[in-house]
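This briefing covers a predicted model. The points below are grouped by topic.

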Amino acid sequence: PPVSFVADGKRTAGKFREAVFDSMLDACVAMRDLDTLQRTFKLMKANGVTPSAVTYGTLINAFGQCGQLPACFELWDEMQRDGLQPTSVTYGCLIDACINQNDLHTAHRLFQEIQQHPPPLHQHQQQQQQQQTASGGEQECGRQGNTMLYTTLIKGFAKSRQTDRAMEVYESMKREGVPRNSVTFNSLLDACARTNDGRLNDVLQDMVACKIEPDLITYSILIKGNCENGKLDRAVELLYSMKAKGFVPDEIVYNSLLKGCSHAGDVALAEKLLEDLARDEIRPSNVTFSILVKMYGRLRLVEEAFQTVQEMREVYQLQPGVFVYTTLIQACVRSTHFKRAFEVFQEMQMTGVEPDAVTLGALLLGCVHAGRLEVATQIVQMAYGLRSHVELQSAGYDLPPLRLIPPPHKPVIPWLPLQPEVINNIIASCQRNCRHDLADELVKVWQEHGTHTGDDWRCGARGGR
């Protein structure tokens, strides 16, 4: 382990150079081992090695990726107490951490702080600037650093569907003469595509004016945006346009198109796209098949849904995962094939696939639609470890008892905390059918074992709320 190595080295070699510690910190980041990262950093300072802004940036980036924003700001304050001035790269790491946690207000504040008080260049940028000055060229390195900061903020606003804010940052970027690259334009196109914003064509024209050619990501964003906004024909046109320009669509592109077909109920187009996918020698995944099963389920084509899963196994030698099994259960429930839904659930567990809360929620919805409220209540109890199994024969299903079977890597059956809306739905159905005894039992289970706040309740005990 790196920490024990340093401890030994401390006794024999005294101080270690910062580069050695930075390499060790990078290794901890790659392994996402925050505990060792912190211990190594403390040992670094204990050995008298003063961290640089680069080192702090590495740590801020690591904690930001793991969603620990308070730790990022603690490091930021510690860096300033050490007398270090943040560079544009360090600012970028903290802004990125804020965006990852959807704290766009703080990210924008930091960005404005940079604009008012430009930070010093990173050492590598300084070297670039010196070389450009020596050669008599224009100094671009500082502005290139700003490209990353502007683009990071645009990506954050795009992710949160704040297209107007993303466009404001972009217009500021243009006014300041900051270079724009393919990542900048793709981030902005993503913002427009997510919200069906009419300025998308203006962004594309700017992209052409900057002599930046659309790449695979550009087409993927445009296709996904058109599919999400119901413009399936335009999305298909883009697919064939990108092929004509020599781009080979990947699974993500085809999955976006198949989702569009699912929402539009266009089975014929979906099946044609599957043929194209095979011709392009792209191997579909569990995600692809879950989209197809969901499409057939929405159209109540339950036999086609089962046939798709069978093809998945036999043709592609793929084992269905939790998403495929869950959508297959949902397809059964939607077509009132309640017994088959239980069969799929039992098969799922026998093949070693662990159900999640959404899977159980689909099964519980089937119980409610079938009027099997006692079975639903017992499944909830089983989900929270209050009963070992649920008898199905007493409910009219000629099936073995329903159990939660632990997967091979988990010796103990875990709880499956259910979604509040699922519990509320069952309670409401019990109340409508005058099964107040079951409603009261569900309320008790939820209050004692469910993860909830007071705002989660829509029904409450007898009589509702």
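The buried residues of helix 21 pack against helix 19, helix 20, helix 22 (373-383), strand 2 and helix 23 (420-432). Helix 21 itself spans residues 357-370. Eleven of its 14 residues are buried, so helix 21 is largely enclosed by the rest of the structure.

**Helix 21 and its ends**
- The buried positions of helix 21 are A357, T359, L360, G361, A362, L363, L364, G366, C367, V368 and A370.
- From first C-alpha to last, helix 21 reaches 20 Å, close to the 20 Å expected for its 14 residues at 1.5 Å a residue.
- Where helix 21 starts, the backbone nitrogen of V358 has a side-chain oxygen of D356 within 3.1 Å.
- Just after helix 21 comes G371, which takes a positive phi of about 75°.

**Nonpolar core**
- The largest nonpolar core has 140 residues, and the members that touch the most others are F342 and I379.
- Helix 19 (residues 322-334) supplies the largest share of this core, with eight residues.
- Leaving aside residues up to four places away in sequence, I379 touches F342, L360, L363, L364, C367, V390 and L402.
- As a general point, nonpolar side chains in soluble globular proteins tend to be buried together.

**Aromatic pairs**
- Seven aromatic pairs are found in a search of the whole structure.
- One of them joins F41 and Y56 in an edge-to-face arrangement, with 5.4 Å between centres and 75° between the planes.
- F41 belongs to helix 3 (residues 34-46) and Y56 to helix 4 (residues 53-65), so this pair ties together parts that are 15 residues apart in sequence.
- Both F41 and Y56 are buried.
- F342 and Y397 form a tilted pair, 5.3 Å centre to centre with 50° between the planes.
- That pair links distant parts of the chain, 55 residues apart: F342 is in helix 20 (residues 338-350), while Y397 is in the loop between strand 1 (389-390) and strand 2 (402-403).
- F342 has a relative accessible area of 3% and Y397 has 8% relative accessibility; both values are under the 20% cut-off, so each residue counts as buried.

**Charge over a ring**
- R340 places its charged end over the ring of F306, 4.0 Å from the ring centre.

How values were computed:
Residues are numbered from 1 along each chain as its sequence is written. This is a predicted model: local features need pLDDT of at least 70, side-chain atom pairs count only at pLDDT 80 or more; totals for chains, interfaces and linings use all residues. Side-chain values use heavy atoms; hydrogens and water are left out. Rings of Phe, Tyr and Trp (its six-membered ring) pair if their centres lie within 6.5 Å; planes under 30 degrees apart count as stacked, over 60 as edge-to-face and the rest as tilted. Helices (H or I, at least four residues) and strands (E, at least two) are DSSP runs, numbered from the N terminus. Buried means under 20% relative accessible area, exposed over 50%, partly exposed in between (1.4 Å probe, protein chains only). A charge sits over a ring if NZ of Lys or CZ of Arg is within 6 Å of the ring centre and within 35 degrees of the ring normal. A nonpolar core is a set of buried Ala, Val, Leu, Ile, Met, Phe, Trp, Tyr and Cys residues joined through side-chain atoms within 4.5 Å. Contact means heavy atoms within 4.5 Å. The expected span of a helix is 1.5 Å times one less than its number of residues. A polar contact is a pair of N or O atoms within 3.5 Å; within protein, one must be able to donate a hydrogen and the other to accept it, and residues adjacent in sequence count only if both atoms are side-chain atoms.
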